[in-house]
Structure formats: C-alpha cells, structure tokens
Amino acid sequence: MEKVNQHSRGDRSYGQFCALARSLDVVGDRWTLLIVRELLPGPLRYSELKTSLGEIASNLLADRLRSMEANGLLERRLEDTSVVYALTQWGAGLREPMEALGRWGSPLLMTGPGDDLFRPRWLTLALPALLRGRVASPPVEIGIETDGFFMTLRVDEEGPSASTRADPKPDTVLVAPPEIVVGLAAGQLTVDQALAAGDLQGDRSVLDRVFTDNARPDR
C-alpha cells in the first residue's frame with residue numbers, strides 16, 4: 001500500500017476521528033476535487049490547469065496545489081523540461097468516490113449549462129461513471145460529438161471507457177448537446193428522446209446497445 005502523508009490539518013480541520021471527516025480535511029476545500037478531476041486523465045502543466053479550471057485565481061490554484069502535494073494527493077514531475085502535476089496512486093484513488101458523486105449529481109445537469117463553464121472533455125470522466133455496470137460482448141464503440149468536441153465511448157466485457165480518440169472514427173456517432181448526452185447516459189432520457197434533440201450518424205442498434213438497460217449484466 002502506498003504510504004500516505006499525515007495530512008495537514010491546519011485551522012480548518014473538523015477535528016473528528018472519522019474517516020469521512022478526515023477525508024474532508026484533505027479534499028473538502030473549494031477547487032480541490034476539481035483539480036483532481038483535471039488530473040485523472042493524466043499530468044498537466046500549471047498553465048493547462050489554470051486554463052481548464054477557468055475562474056480560479058492564480059494564487060488560490062498555487063495554494064491548493066501546495067496543499068494537495070503536502071497531503072500526498074499529487075506530485076510534481078519534470079517532463080520535457082516542463083514541470084507537470086500528476087496524481088499519486090492515493091490521489092488517483094479518488095476516481096471511484098468522485099464517479100459516485102457525479103452519478104448522484106447528474107439530475108442537476110438536466111437544465112443545461114446556462115452561463116456555467118463547460119469543458120466537453122469532462123464527459124470522458126462522466127460518461128463511464130454514469131454507465132458503470134454496463135458490459136458488452138462483443139465490444140461496441142460509439143462516437144460522441146458535443147460542442148465541437150469528439151470522444152469515443154467503448155463498452156466491453158470490462159465495462160465502459162472513454163477517450164479522445166477520433167482515429168479511426170467509429171461508424172456510429174451521436175451528435176447532441178452535452179445535457180442530452182448526460183441525460184441519456186444517466187437514464188433520464190430515452191434513446192428516442194435523445195435522438196429528437198440530436199442527430200445520429202450510423203446504426204441505431206449501436207446506440208441502443210450502449211445506452212439501454214439490457215446492457216447491464218444483472219438485467
């Protein structure tokens with residue numbers, strides 16, 4: 001098991017001998033989990049983090065990164081003469097609880113983004129989380145295009161996964177607004193409702209295999 005640093009409690013600790021309370025001591029500050037979200041796909045430079053997070057102040061981002069490094073969530077590495085930030089094994093272990101929280105909060109996205117910042121690549125984390133438990137044999141792939149962003153969603157015997165791969169492009173592609181894609185993956189919209197708000201290029205049966213409940217092994 002990876003050694004975990006004794007977390008830096010400071011004045012904001014809950015002061016409770018409880019795993020949840022101590023977890024919140026480490027990750028409960030504003031922006032911390034969103035920094036983890038950005039780093040789950042892989043290391044990023046400071047400037048890349050700042051750009052993707054949008055409204056975070058530079059001094060606040062620097063403070064959060066220092067705190068996360070002190071608490072053992074991330075580390076700095078030198079790659080191609082640039083410093084990048086990467087999650088440690090312990091920090092990457094936040095994927096599962098963050099996916100669960102994302103599934104819980106998916107109904108909050110049904111009103112659409114409004115004036116909120118949206119990065120389509122965030123769907124590469126959200127969609128596999130929402131489709132957790134789905135399997136397919138033989139494997140099935142579908143392209144998702146939203147707000148000019150393209151990703152490939154794959155479901156196989158191991159479950160769902162997503163990547164920004166567009167080459168080779170899947171034969172079937174769903175083009176739809178982000179709230180429609182999320183609603184479909186969360187089971188809040190049917191395939192027919194999603195198609196009424198979007199466009200399908202290719203085979204409808206592929207869309208059904210990826211997003212309908214009969215893809216779950218326990219159904």
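R132 forms a salt bridge with E96, and their closest N and O atoms are 3.8 Å apart. The model is predicted.

Step back to the domains. The domain assignment of the protein gives domain 1, residues 19–108, and domain 2, residues 120–211. Their C-alpha centres lie 26 Å apart. Where they meet, 12 residues of domain 1 are in contact with nine residues of domain 2. About 1,000 Å² is buried between domain 1 and domain 2. Carbon and sulfur atoms give 54% of that area. Look at the side of domain 1. There, R37, E99 and R103 lose the most area to domain 2. Together they account for 47% of what that side buries.

Now count the links. Between domain 1 and domain 2 there are two salt bridges. There are also four residue pairs in polar contact, with both residues at pLDDT 80 or more. Which helices supply the side of domain 1 that touches domain 2? Helices α2 (32–39) and α6 (95–105) each supply at least two residues. Of the elements on that side, α6 gives the most, with five residues. By class, the side of domain 1 that touches domain 2 has six charged, three polar and three nonpolar residues.

Next, find helix α1, which spans residues 19–27. D25 is found in this helix. Is D25 buried or exposed? Its relative accessibility is 10%. Buried means under 20%, so D25 counts as buried. One of its polar atoms lies 2.9 Å from the backbone nitrogen of Y14.

Finally, move to helix α8, residues 178–185. Seven of its eight residues are buried, so α8 is largely enclosed by the rest of the structure. Which residues of α8 are buried? They are P178, I180, V181, V182, G183, L184 and A185. An α-helix has 3.6 residues a turn, so residues three or four places apart point the same way. What covers the buried residues of α8? The cover includes three helices, α7 (123–130), α9 (191–197) and α10 (204–211). It also includes two strands, β4 (140–146) and β7 (173–175). Follow the chain just past α8 to G187. This residue takes a positive phi of about 80 degrees.

Methods
Residues numbered from 1 in each chain as written. Predicted model: local features only at pLDDT ≥ 70, side-chain atom pairs only at ≥ 80, totals over all residues. Heavy atoms only, no water. Helix = DSSP H or I, 4+ residues; strand = E, 2+ residues; numbered from the N terminus. Buried < 20%, exposed > 50% of the residue type's maximum accessible area, 1.4 Å probe, protein only. Polar contact = N/O pair within 3.5 Å; in protein donor to acceptor, adjacent residues only side chain to side chain. Domains from an automatic or database assignment. Contact = heavy atoms within 4.5 Å. Buried area = accessible area lost by both parts, 1.4 Å probe. Salt bridge = Lys/Arg side-chain N within 4 Å of Asp/Glu carboxyl O. Nonpolar A, V, L, I, M, F, W, Y, C, P; charged D, E, K, R; others polar.
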